[in-house]
Amino acid sequence: MAQPTPAQRMEHVIRTYIQACNDADAEAIAACFCPEAVHYFPAPVVKCSGAATIGSHVATGVREYGRCWTVDQLITDADRCAATLEWTEFIRHPAQIVRRGVDWFVFEPQTGCMQEVRSYTALPLVQVHSDMARQELLDFDYAGRGYPTTFPADHT
């Protein structure tokens, strides 16, 4: 039997992760991550660091809010050890909400475990604040990774 390709392995880890999230299984969630993994969220939610912390955080949210996710679209890039997942989230408490978003995953090449997740949502759990000058992932080094951090020059 042929070994799974790197893209197939990444997809398997992501699908295993989503199932573990839906099951509120903190240990199974943590097993999808490198020990030092980081999960970034849109502001004002702070990042989670460490596989066990991520597992506990997600499992608690599932139990408290009746959350679950679907895998809507999944794209992998084996050369970059990265993948993106478009998902739908169903939240039961305190009110029924359907929320959509995308997660960007970075995998550790040696182990195939997730080392970073960046979550982007159509609407954060906390409403968008127009008084917040920067609405982005907290504690993510945008400048250090080469992302634009200032407004582009006016082209008019």
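Leaving aside its neighbours within four places in sequence, which residues is cysteine 81 in contact with?

**View 1. Cysteine 81 in the loop between strands E3 and E4.** In this predicted model, cysteine 81 is in contact with Met10, Phe105, Val106, Phe107 and Pro109, once its neighbours within four places in sequence are left aside. Although cysteine 81 and phenylalanine 105 are 24 residues apart in sequence, their C-alpha atoms are 8.4 Å apart in space. Cysteine 81 counts as buried because its relative accessible area is 19%, where buried means under 20%.

**View 2. The hairpin formed by strands E3 and E4.** These two strands pair in the antiparallel sense over nine bridges, and four residues lie between them, with cysteine 81 in the turn having a positive phi of about 55°. Leucine 74 has leucine 85 in E4 as its bridge partner. Threonine 84, which is found in strand E4, has a side chain that reaches the backbone oxygen of aspartate 103 at 3.2 Å. Leaving aside neighbours within four places in sequence, the contacts of threonine 84 are Gln73, Leu74, Ile75, Val102, Asp103 and Trp104.

**View 3. The largest nonpolar core, with 29 residues.** In soluble globular proteins, nonpolar side chains tend to be buried together. Here the members that touch the most other members are Tyr17, Ile29, Phe33, Val58, Phe105, Phe107 and Met114. Two or more residues come from each of helices H1, H2 and H3 and strands E1, E4, E5 and E6, and H1 gives the most, with seven residues. Methionine 114, not counting residues up to four places away in sequence, touches Val13, Tyr17, Cys32, Phe33, Cys34, Ala37, Phe105, Val106 and Phe107. Apart from this core lies another, of five residues, among them Tyr40, Leu137, Phe140 and Tyr142.

**View 4. Aromatic pairs, of which the count comes to five.** The rings of tyrosine 17 and phenylalanine 105 have centres 6.1 Å apart and planes at 85°, so this pair is edge-to-face. It links distant parts of the chain, since tyrosine 17 belongs to helix H1 and phenylalanine 105 to strand E5, 88 residues apart, and both residues are buried. A second pair, phenylalanine 140 with tyrosine 142, has ring centres 4.8 Å apart and planes at 70°, so it is edge-to-face; phenylalanine 140 and tyrosine 142 are both buried. Ring pairs also link Tyr17, Phe33, Phe105 and Phe107 into a cluster.

**View 5. Salt bridges, of which a search of the whole structure finds five.** Side chains of opposite charge can pair when their charged atoms come close. Glutamate 89 forms a salt bridge with arginine 67, with the closest N and O atoms 2.5 Å apart. Because glutamate 89 lies in strand E4 and arginine 67 in the loop between H3 and E3, the pair ties together parts that are 22 residues apart in sequence. Glutamate 89 counts as buried at 0% relative accessibility, and arginine 67 is buried with a relative accessible area of 16%.

**View 6. Glutamate 116 and its salt bridges with arginine 118 and arginine 145.** The closest N and O atoms are 2.8 Å apart for arginine 118 with glutamate 116, and 2.7 Å apart for arginine 145 with glutamate 116. The pair with arginine 145 links distant parts of the chain, as arginine 145 is in the segment after E6 and glutamate 116 in strand E6, 29 residues apart. Arginine 145, at 41% relative accessibility, counts as partly exposed, whereas arginine 118 is buried with a relative accessible area of 6%, and glutamate 116 counts as buried at 8%.

How values were computed
Residues numbered from 1 in each chain as written. Predicted model: local features only at pLDDT ≥ 70, side-chain atom pairs only at ≥ 80, totals over all residues. Heavy atoms only, no water. Core = buried A, V, L, I, M, F, W, Y, C linked by side-chain atoms within 4.5 Å. Buried < 20%, exposed > 50% of the residue type's maximum accessible area, 1.4 Å probe, protein only. Contact = heavy atoms within 4.5 Å. Polar contact = N/O pair within 3.5 Å; in protein donor to acceptor, adjacent residues only side chain to side chain. Pairing = 2+ DSSP bridges. Phe/Tyr/Trp six-rings, centres within 6.5 Å; stacked < 30°, edge-to-face > 60°. Salt bridge = Lys/Arg side-chain N within 4 Å of Asp/Glu carboxyl O.
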